[in-house]
Amino acid sequence: MKVTEHLDRASNPLISYEIIPPRRGGSAEQMLQVVEQLLPYEPPFIDVTSHSAEVSYKPMPDGTWKRCVKRKRPGTLGLCAAIEARYGIDTVPHILCKGFSREETEDALIELNYLGIDNVLAIRGDDKGVQKDLPPDRSRNEYAIDLVEQIQDMNEGEYLEDLMDAQPTNFCIGVGGYPEKHFQAPNLAWDIMHLKQKVEAGADYVVTQMFFDNDYFFRFVEECRDVGIDVPIIPGIKIITRKRHLRSLPTHFHTDIPEELAAEIEAAETDTEVKHLGIEWAIQQSEELLSSGIPCLHFYIMSSAEVVKEVVEPLREMA
């Protein structure tokens, strides 16, 4: 079932989750156990992140460094297929521009279509320092809007080659939104206009980057509606569980952590206290969002369900 169908049919706000494939060489059972822990909370859909190849450097015996390129977390398609087959939960695989040619993307989308997976999240992806040299018969999506257009073309039966009797796909297309603006955007209004272009190109819903101040989200939604973006906008929530999140989350996700929350976490004396503060903040944040009438809460949990259960349990009466 499509994400938009889940939203349309729901009588109450939904709660969805995002997980990450295991590291190369790991077992899918690690993440399937996380999914099993979420089953009592009846997730309507689960996002599975995708990762392109990354550059790393390995020291050599002669004192030089060897440049290595590899995908540290492959397996998005396989994990999605396993979740849908084993648990009957709809999945949303992330499809990236960065690190993949349009031809590779088309092949991946064909695989997903064969598997009966109805949803994709189209994102540009992080720059991992790998730029493929494309042969003349290959091409590249530079931006998320290019990826949305490619998926929408396939939904209309148009493939990269002119194929006889090509069957259209039927993907529900999600895209990312940034309540505090994308870090490369000059301002929020500019960023929202580019989001509108993605919606006009075929995006069916928006899921936001994590944020910790709901005022950013409410302003973002209001400005999106003002410019004519009328698709569902789903807020993304991250639970702070470690002191190092005070620096790593702003560094990697360009999000602001409110002074009150940052001060309390900085003053905490134990990891348990930090986790408790993060859980309490996420509960309060989620309660306010649910009261505002949002269609769904989306939790970035990555590789563990333990903490999110402590947040979702008290929300069940509201959602």
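Trainee: Which residue stands opposite V207 in β8?
Mentor: In this predicted model, the residue standing opposite V207 of strand β8 is G176.

Trainee: And how do β7 and β8 run, and how many bridges join them?
Mentor: Strand β7 and strand β8, the latter covering residues 205-210, run parallel and are joined by four bridges.

Trainee: What about β6, how does that one go with β7?
Mentor: Strand β6, which spans residues 119-123, also runs parallel to β7, and four bridges join the two; as one point of reference along this pairing, N119 stands opposite C172 in β7.

Trainee: Is β7 mostly covered or mostly open?
Mentor: Strand β7, made of residues 172-177, is mostly covered, with six of its six residues buried.

Trainee: Which of them point which way?
Mentor: C172, G174 and G176 point one way from the strand, while I173, V175 and G177 point the other way, and the residues on both sides are buried.

Trainee: Changing topic, which residues touch the most others in the largest nonpolar core?
Mentor: That core has 63 residues, and the ones touching the most other members are Y17, I19, I83, L297, F299 and V308.

Trainee: What does F299 touch, then?
Mentor: Leaving aside residues up to four places away in sequence, F299 touches a set that includes I15, Y17, I237, I239, V308 and L315, and also the residues S16, E18 and S286.

Trainee: How many residues are in the second core?
Mentor: The second core is separate and has 24 residues, among them M210, I240, L249 and W281.

Methods. Residues are numbered from 1 along each chain as its sequence is written. This is a predicted model: local features need pLDDT of at least 70, side-chain atom pairs count only at pLDDT 80 or more; totals for chains, interfaces and linings use all residues. Side-chain values use heavy atoms; hydrogens and water are left out. Buried means under 20% relative accessible area, exposed over 50%, partly exposed in between (1.4 Å probe, protein chains only). Two strands pair if DSSP finds at least two bridges between them. A nonpolar core is a set of buried Ala, Val, Leu, Ile, Met, Phe, Trp, Tyr and Cys residues joined through side-chain atoms within 4.5 Å. Contact means heavy atoms within 4.5 Å.
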